[in-house]
Amino acid sequence: MVAGVSYLIIFVLGIFANFFIFQDLIVPEDAAATVNNIMANELQFRLGILGFIIMVIFDVVVAWALYVLLKPVNRSISLLAAWFRLVNATIFGIALYNLFSVLQLLGGANYLKVFETGQLHAQIMLFLNAFNVTWLIGLIFFGIHLFILGYLIFKSDYIPGILGFLLIVASLGYLIDSFANFLLPNYTEYETIFMLIVVVPGIIGELSFTLWLLLKGAKIPEVAEQI
């Protein structure tokens with residue numbers, strides 16, 4: 001149950017921060033418009049950061065809860081899956097530093113007057129891009145986590161194997177998109193296709209697992225103990 005509730009919180013906050021806050025504020029390739037949006041909606045930008053911070057906290061909770069739930073299958077592999085998720089959470093936490101740097105640049109401190117307007121805007125876009133790139137590095141570890149998690153579920157006798165299969169498919173989506181982003185110079189031309197590769201399997205796999213945990217998760221320890 002703890003894993004299900006925590007996973008649901010991550011889902012809700014991730015959708016809220018990504019699609020209802022940052023997607024509205026950030027205009028790719030238009031630094032001036034992006035800066036104007038953030039300055040006009042600073043509280044909204046800060047709420048997005050807060051949402052991400054809470055996500056990191058609950059990612060740690062999920063890593064622990066899933067380890068406890070799946071250690072009857074294989075304690076060592078379950079621990080490995082938890083570590084990969086924790087590494088992802090750590091990298092994502094580091095990525096958030098870039099968003100705080102954006103706020104500092106827009107804070108109006110006296111030492112920032114050495115920057116011309118164009119230079120300041122360019123610095124802000126660099127920090128926003130650095131946030132995305134760092135997040136992508138973390139998603140590689142998250143994809144591996146999902147693959148191991150799917151394997152453990154598939155091998156278990158108390159969680160439906162189809163959920164494990166869906167998580168493995170979702171993991172491949174994360175890995176393909178992350179590596180394509182790093183390796184393809186013309187990634188932006190295929191960005192929509194790669195996003196579908198991530199979003200569709202990710203939502204189907206992770207949301208299905210989350211709903212199952214909410215409905216059946218409380219009974220898992222009893223079943224696992226019997227096994």
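N18 lies in helix α1, which spans residues 2–25, where helices (H or I, at least four residues) are DSSP runs numbered from the N terminus. With a relative accessible area of 23%, N18 is partly exposed; in the terms used here, buried means under 20% relative accessible area, exposed means over 50%, and partly exposed lies in between, for a 1.4 Å probe and protein chains only. Not counting residues up to four places away in sequence, N18 touches Q23, F52 and W135, contact being defined as heavy atoms within 4.5 Å. From N18 to R85 the separation is 67 residues in sequence and 20 Å in space, taken C-alpha to C-alpha.

The model is a predicted one, in which local features need pLDDT of at least 70 and side-chain atom pairs count only at pLDDT 80 or more, while totals for chains, interfaces and linings use all residues. Residues are numbered from 1 along each chain as its sequence is written, and side-chain values use heavy atoms, with hydrogens and water left out.

The protein contains eight helices and zero strands, and its pattern along the sequence reads α-α-α-α-α-α-α-α. Its C-alpha atoms fill a box of roughly 65 × 35 × 25 Å along the principal axes, and 42% of its 227 residues count as buried. Among the contacts with a separation of 6 or more, 76% are accounted for by residues 24 or more positions apart.

Two salt bridges are counted in the protein, a salt bridge being a side-chain nitrogen of Lys or Arg within 4 Å of a carboxyl oxygen of Asp or Glu. In one of them, the side chains of R85 and D59 meet at 2.7 Å, N to O. R85 belongs to helix α4 (residues 75–105) and D59 to helix α3, so the pair ties together parts that are 26 residues apart in sequence. Both R85 and D59 are buried. R46 also forms a salt bridge, with E42, and the closest N and O atoms of that pair are 2.9 Å apart. R46 and E42 both lie in helix α3 (residues 42–70), where they are four residues apart, about one turn of the helix. R46 is partly exposed, at a relative accessible area of 43%, and E42 is likewise classed as partly exposed, at 36%.

Helix α4 also holds N98, which counts as buried at 9% relative accessibility. Leaving aside neighbours within four places in sequence, N98 is in contact with F127, A130, F131 and T134.

Two packed helices are described by the angle between their axes and the distance between the axes. The axes of helix α6 (residues 161–183) and helix α7 (residues 191–216) come within 8 Å and cross at roughly 150 degrees, the axes being lines fitted to C-alpha atoms over the stretch in contact, with angles running from 0 to 180 degrees between N-to-C directions. Helices α6 and α7 are therefore roughly antiparallel to each other, a term applied to angles over 145 degrees. The contact involves residues of α6 including L163, L166 and Y174, and residues of α7 including F194, P201 and W212. By class, the contact of α6 with α7 has 16 nonpolar, four polar and two charged residues, where Ala, Val, Leu, Ile, Met, Phe, Trp, Tyr, Cys and Pro count as nonpolar, Asp, Glu, Lys and Arg as charged, and the others, Gly among them, as polar.

Notes: Helix = DSSP H or I, 4+ residues; strand = E, 2+ residues; numbered from the N terminus. Parallel < 35°, antiparallel > 145°, perpendicular 65-115°, else oblique.
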